[in-house]
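Hello,

Here is the structure I promised to pass on to you. Have a look at it first, and then read my notes below.

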Amino acid sequence: MIELGGGSLLSQMEALVHDWDGSTERRYCHLANASALLCEHLERVIWVGFYLTVPGTERLVLGPFQGKVACTDISFTRGVCGLAARTKQSVRIADVHQIPDHIACDSASQSELVIPLFSPSHDVVGVLDIDSAEVGRFTEEDQRDMEAVAALLSHRLWT
Ligand code: SME
């Protein structure tokens with residue numbers, strides 16, 4: 001896990017989200033800060049944020065993020081975010097141009113990492129989406145680290 005001045009990224013994330021009050025407003029509040037923390041500390045990324053499942057559907061809608069304006073609606077049947085949501089697996093793409101189904105919100109995006117977030121009953125409540133302008137930016141270790149972050153956020157904000 002990435003080490004920061006004030007401890008690991010995971011412990012800083014825990015400090016940001018541990019006191020969720022159960023409201024949708026504060027879930028968004030904590031996810032906004034989570035995206036800011038990730039953006040501040042991940043190197044060579046151009047977009048970090050969340051797409052959240054519209055309850056009772058298989059559609060994702062844009063949530064808190066850092067980066068350029070992005071597409072607002074993604075079906076579970078489309079794109080890398082949709083792939084992660086429908087398979088319930090994280091997806092690490094070294095070169096998005098090799099993925100015909102990739103949704104290009106920003107033409108600068110070259111590689112991407114998408115991690116699902118889960119409710120206690122293992123429904124996908126959203127995804128964490130991270131994009132880079134560098135081909136092959138994300139390693140297996142990055143994937144494991146971001147899976148740990150997503151698990152923490154799921155546990156703290158969807159109880
Ligand atoms: N890359 C995503 C679309 C969202 S943007 O990257 C912010 C996808 O193909 O699902």
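You can find His-122 in the loop between β7 and β8. Its phi is positive, at about 70°, although His-122 is not a glycine. Please keep in mind as you browse that this is a predicted model.

Lys-88 is another residue to look up. This lysine sits in the loop between α3 (79-87) and β6, and has a positive phi of about 60° without being a glycine. Lys-88 is partly exposed, with a relative accessible area of 34%.

Now for the sheet. Six strands form an open sheet in the order β5-β4-β3-β8-β7-β6, and the pairing is antiparallel. The edges are taken by β5 (73-75) and β6 (91-93); each has a single partner strand, so one side of each is left without a neighbour in the sheet. From one strand to the next, the twist averages 25°.

Val-61 has Asp-73 in β5 as its bridge partner. Next, find helix α2 (residues 24-41), which lies across β3 (47-53), β4 and β8 (124-132) and runs at about 50° to β4.

Around the ligand are 13 residues, of which Val-80, Cys-81, Ile-103, Glu-112 and Asp-131 come nearest.

- Cys-81: a backbone N or O atom is 2.7 Å from a ligand oxygen atom.
- Glu-112: a polar side-chain atom is 2.9 Å from a ligand nitrogen atom.
- Asp-131: an N or O atom in the side chain is 2.6 Å from a ligand oxygen atom.

On its own the ligand has 300 Å² of accessible area, and the protein covers 98% of this.

With a relative accessibility of 4%, Ser-109 counts as buried. Leaving aside neighbours within four places in sequence, Ser-109 is in contact with Ile-46, Val-96, His-97, His-102, Asp-131 and Ser-132.

Enjoy exploring!

Best wishes

Methods
Residues are numbered from 1 along each chain as its sequence is written. This is a predicted model: local features need pLDDT of at least 70, side-chain atom pairs count only at pLDDT 80 or more; totals for chains, interfaces and linings use all residues. Side-chain values use heavy atoms; hydrogens and water are left out. Two strands pair if DSSP finds at least two bridges between them. Helices (H or I, at least four residues) and strands (E, at least two) are DSSP runs, numbered from the N terminus. Axes are lines fitted to C-alpha atoms, for helices over the stretch in contact, and angles run from 0 to 180 degrees between N-to-C directions. Contact means heavy atoms within 4.5 Å. A residue is near a molecule or strand if one of its heavy atoms lies within 4 Å of it. A polar contact is a pair of N or O atoms within 3.5 Å; within protein, one must be able to donate a hydrogen and the other to accept it, and residues adjacent in sequence count only if both atoms are side-chain atoms. Accessible areas come from the Shrake-Rupley method with a 1.4 Å probe; for residues, only the protein chains shown count as cover. Buried means under 20% relative accessible area, exposed over 50%, partly exposed in between (1.4 Å probe, protein chains only).
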